[in-house]
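Here is a short tour of one protein structure, written for someone who likes cut-offs spelled out. Please keep the viewer open as you read.

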Amino acid sequence: MSNLPQFSLPDPAAEWPWPRILNCHYQEAKSESDSWMRGFEALDSKSQRSFDFCNFPLLSALGYPLLDKDCLRVACDLMVLFFIYDEFTDKVNADGARAYADLVMDVLRNPDVERPLGESKLGEITRQFWLRAISVASGPAQRRFIEYFSRYVYAVIDEASDRTNGRIRGIADYLELRRLTSGAYASFFSVELGLDIPDEVMTHPAIESLLGLAAETIVLTNDLYSYNNEQAAGHGGHNIITVVMNEKGVNLDGALNWVAEYHGDVLSRFQAQHRMLPSWSPDVDRVANAFVEGLAYWIRGHDCWSFESGRYFGTKGPEIKKHRLVTLLPRVRSPDVTPMMAGSMARPNALMP
């Protein structure tokens, strides 16, 4: 029996009205995407093991349950790109993160240009993903993705700088940055697949507000469930739990209570604004409503995947989902440990087998 402290996870999404749905193309898309990713041999054995355990195709299948097979494959490949980019940039300083950011943005803007020999494999991974994506995405969706992905990769530079300097931001400043470093806005690209949404809809204040609320709940969910691994790996400074403890002067339980209350408010505001969507025309209203419904399913799917995969809780996810109790992991002192590895290396309570 472990003597390590435990904490209880709040459950703000317990009454979320959108149900869990698994995309019917999950197995086929997963097989193709996993095979594609492994072909690059871009990860070391520890990182590859972490990737396999996380089962990101499951996240796509739960988060985008209504996509057809070709679109779901793109969504799966985007999660591959996110993982690899995160793994690479977690190990470098701000200058290294900027170099990776410049690389992937050059690829997205010039996908028909073959990548030079000796370049990081991240370049060709990005190129192949984007060539597949542009075959199923509308022109406006492509432009929005490039904009959102640019915000994501350059925000990661600030995250790397904070990590190097040991900076812990205030709550408002942190959330503003974290909405970008989470990649949430870029991940909503997959919600757009199969929908031809006019710019007038996506730039409407009502839709922009819903996008911000959806991004906020993705941040809060991720930070809540990843906190244990991140603090164990020494990356806890870029997490809302640490930020709240630091600004409010509270302990872990106090921070969890604050996050639970704030997260519940965000979810309530999303539902209220969803009910008050403006009207454009019958055809436009149909795609606008489909998009917002897609955001809502992404919120539900992300929460479900957090327990059904091994990303945060290893093999104990289904059990922890029921009782919500988590044992605080001891700190792993290794410069090469990323948050996804920390759970498997903390021997007293290893999350991964």
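## Ground rules

This is a predicted model, in which local features need pLDDT of at least 70 and side-chain atom pairs count only at pLDDT 80 or more, while totals for chains, interfaces and linings use all residues. Residues are numbered from 1 along each chain as its sequence is written, and side-chain values use heavy atoms, leaving out hydrogens and water.

Helices (H or I, at least four residues) and strands (E, at least two) are DSSP runs, numbered from the N terminus.

## The largest pocket

The largest pocket has a volume of about 770 Å³. A pocket here is an open set of points on a 1 Å grid over the protein atoms alone, where a 1.4 Å probe fits, with protein on both sides within 12 Å along at least five of seven lines; lining residues have an atom within 4 Å of a point. Grid points are joined across faces, edges and corners, and the volume is the space filled by probe spheres set on them.

Of the 40 lining residues, Asp86, Arg178, Asn222, Glu230 and Arg311 are the closest to the centre. The lining comprises 14 nonpolar, 15 polar and 11 charged residues (nonpolar: Ala, Val, Leu, Ile, Met, Phe, Trp, Tyr, Cys and Pro; charged: Asp, Glu, Lys and Arg; polar: the others, Gly among them). Helices that each supply at least two lining residues include H4 (69–89), H8 (171–181) and H12 (205–233).

## Helices H1 and H2

The axes of H1 (residues 26–38) and H2 (residues 45–54) come within 12 Å and cross at roughly 170° (axes are lines fitted to C-alpha atoms over the stretch in contact, with angles from 0 to 180 degrees between N-to-C directions). H1 is therefore roughly antiparallel to H2, a term for angles over 145 degrees. Asp34, Met37 and Arg38 of H1 meet Gln48, Phe51 and Asp52 of H2, where contact means heavy atoms within 4.5 Å.

## Helix H8

Which residues of H8 are buried? They are Ile171, Tyr174, Leu175, Leu177, Arg178 and Thr181, buried meaning under 20% relative accessible area and exposed over 50% (1.4 Å probe, protein chains only). Their cover includes H7, H12, H13 (240–248) and H14 (252–274).

## Positive phi angles

Most residues other than glycine have a negative phi. Glu41, in the loop between H1 and H2, has a phi near 50° and is exposed at 62% relative accessible area. Arg324 has a positive phi of about 65° but is buried at 9%.

Notes: Parallel < 35°, antiparallel > 145°, perpendicular 65-115°, else oblique.
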